[in-house]
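Below is a short note for a colleague who has the coordinates open. The points can be read in any order.

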Amino acid sequence: MKVSVIGMGYIGLPTAAVLASRKINVVGVDVNQDVVDTINKGKIHIVEPELDILVRSVVQSGFLRTTTKLEKADVFMVAVPTPFKENNKPDLSFIRTAAKAIAPVLDKGNIVILESTSPVGTTEKMMSWMKEIRSDLIFPVFGNDDSETDISVAHCPERVLPGHVVRELVENDRIIGGVTFQCAQRARNVYKIFVEADCLITDCRTAELSKLVENSFRDVNIAFANELSLICDKLGINVWEMIKLANRHPRVNILQPGPGVGGHCIAVDPWFIVDSAPEEAKLIKTARQVNDYKPHFVLKKVEEAVFNLGKKTSELKIACLGLAFKANIDDLRESPALGIAHQIKLMNFDKLYLVEPNILTLPKIFDSSKFELTELNTALTDVDIVILLVDHSEFKEMDLSLLSGKQVIDTRGIWSDVHPRVSSLPL
Ligand code: SAJ
């Protein structure tokens, strides 16, 4: 069996590598030549524990190679981004491009699987884009389980947690949604090669919605925690302590407030549901708005810290700790921390120190002639305000005496227990 994985990103590359580690011939396809070259050297372009060792070994053993051009295969797995455009409308252009590239190389008996998280109906849309080019092939029809087809099409949404991808790819249950039951069964045989957990069969529309619902469930729950942080701030209560106490109830499990929700999944996917059912998805939409408001609230806290110091921003130095969208990863996509740091840049402090231990260069929004990545201890030596944006291990383990005498804004609550001397109220 030869498997082609289209999109060598955070999901495609680990999936390709895990499949290749089971001695399946895998060809990774990506539009970015640098990414292709890096992987072909046995290296990786993202930070993900265990992935570097895995990729090195499967490239060396010849089971994984990467290219920019689609070629024939038995199975095609599409793992490309599905961002949204203005007005929170889904942007399916990457899937469309992938479908149009796959179509010319399709042969009878092939299986095409959409892994990208997508609005309901996208698997069938992807199929229709292939059909436009290959009218000679018989594609399945949704719900028509008895018909014989040349191609099988399914949606198998990824559900792995960044930072734990290699393990979760193998250990998490998978939902396999076929355009028909037969498509699902054939796709399931592919996942059974490396998934040790259950592969649960359904139709592609149900699979699409269940993935969106998983991430919306988390978004709504984080919104609850973030709303509590606003309430506690108003009432002068430590939200972290209050949540810890409430969670001692056997049926209460509140998540953690933060500077907002980031990443390319949880901050995006709920909008796909809102877009499909705007009148009905009221709670889901409100949760998105609550979470999107949180960075503005954090910026108000920065203004408050400036006010407390009684000086102009041009006379003050500030350090931002963390830019990634969550702890111990290098991913800056949709990162509230990055957005907050960018707004702080516009406040024209005398000096802005940016600390992010998981990246080597700052993103372009920070002019390289004025800003550079700073090492933690250097950044904390001579600042007036410290704003903790990401709960990276380095910040949890640091010497807390470095914070004394400074205005501290801890958006993740990592110092609220251990460092009662922090001068700003925890958010
Ligand atoms: N966050 C909080 N408070 C919390 C938990 C998270 O503020 O208590 C924030 C994080 O800091 C981050 C954002 O939420 O900014 C999202 O982080 P996350 O760890 O909740 O999720 P992701 O985006 O890394 O991965 C999610 C996962 N989905 C669920 O847990 C339901 C993962 O399983 C999915 O595969 C992934 O989305 C995806 O690709 O869809």
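This is a predicted model: local features need pLDDT of at least 70, side-chain atom pairs count only at pLDDT 80 or more; totals for chains, interfaces and linings use all residues.

The numbered points below cover the pocket, the salt bridges, the backbone and the surface.

1. Largest pocket, size and centre. The largest pocket has a volume of about 1100 Å³. Its lining counts 44 residues, and those nearest the centre are L161, R218, I222, I266 and K326.

2. Largest pocket, composition. Which element gives the largest share of the lining? Helix 8 does, with seven residues. Sorted by class, the lining of the largest pocket holds 20 nonpolar, eleven polar and 13 charged residues.

3. Salt bridge K2 to E71. The structure holds 18 salt bridges. In one of them K2 pairs with E71, and the closest N and O atoms are 2.8 Å apart. The pair links distant parts of the chain, with K2 in strand 1 (residues 2-6) and E71 in the loop between strand 3 (64-67) and strand 4, 69 residues apart. K2 counts as partly exposed because its relative accessibility is 23%. E71, at 22% relative accessibility, is also partly exposed.

4. Salt bridge D350 to K317. Here the closest N and O atoms of D350 and K317 are 3.0 Å apart. This pair, too, links distant parts of the chain: D350 sits in the loop between helix 12 and strand 10, K317 in strand 9 (residues 317-321), and 33 residues separate them. D350 has 40% relative accessibility and therefore counts as partly exposed.

5. Is D331 buried or exposed? D331 is buried, because its relative accessibility is 1%, under the 20% cut-off. Its salt-bridge partner is R333, with the closest N and O atoms 3.0 Å apart. R333 is partly exposed, with a relative accessible area of 33%. Elsewhere, salt bridges that share partners join K2, R65 and E71 into one network.

6. Positive phi at two asparagines. Most residues other than glycine have a negative phi. N87 is not a glycine, yet has a positive phi of about 60 degrees. N87 lies in the loop between strand 4 (75-78) and helix 4 (93-102), and its relative accessible area of 69% makes it exposed. N348, likewise not a glycine, has a positive phi of about 55 degrees. The place of N348 is the loop between helix 12 (336-346) and strand 10 (351-355). N348 counts as exposed, since its relative accessibility is 54%.

7. Nonpolar surface patch. V120, L209 and V213 make a nonpolar surface patch of about 210 Å². Of these, V213 is placed in helix 8 (residues 204-235). V213 has 41% relative accessibility, so it counts as partly exposed.

8. Where is G143 found? G143 is in the loop between helix 5 (122-133) and strand 6 (152-155). With 52% relative accessibility, G143 counts as exposed. G143 and I266 are 123 residues apart in sequence, and their C-alpha atoms are 30 Å apart in space. I266 is one of the residues nearest the centre of the largest pocket.

Note on methods:
Residues are numbered from 1 along each chain as its sequence is written. Side-chain values use heavy atoms; hydrogens and water are left out. Patches are made of residues with over 30% relative accessible area and no salt bridge: like charges are joined within 9 Å, nonpolar side chains (Val, Leu, Ile, Met, Phe, Trp, Tyr) within 5 Å. Accessible areas come from the Shrake-Rupley method with a 1.4 Å probe; for residues, only the protein chains shown count as cover. A salt bridge is a side-chain nitrogen of Lys or Arg within 4 Å of a carboxyl oxygen of Asp or Glu. Helices (H or I, at least four residues) and strands (E, at least two) are DSSP runs, numbered from the N terminus. Buried means under 20% relative accessible area, exposed over 50%, partly exposed in between (1.4 Å probe, protein chains only). On a 1 Å grid over the protein atoms alone, a cavity is a set of points where a 1.4 Å probe fits but cannot get out, and a pocket is an open set with protein on both sides within 12 Å along at least five of seven lines; lining residues have an atom within 4 Å of a point. Grid points are joined across faces, edges and corners, and a volume is the space filled by probe spheres set on the points. Ala, Val, Leu, Ile, Met, Phe, Trp, Tyr, Cys and Pro count as nonpolar, Asp, Glu, Lys and Arg as charged, and the others, Gly among them, as polar.
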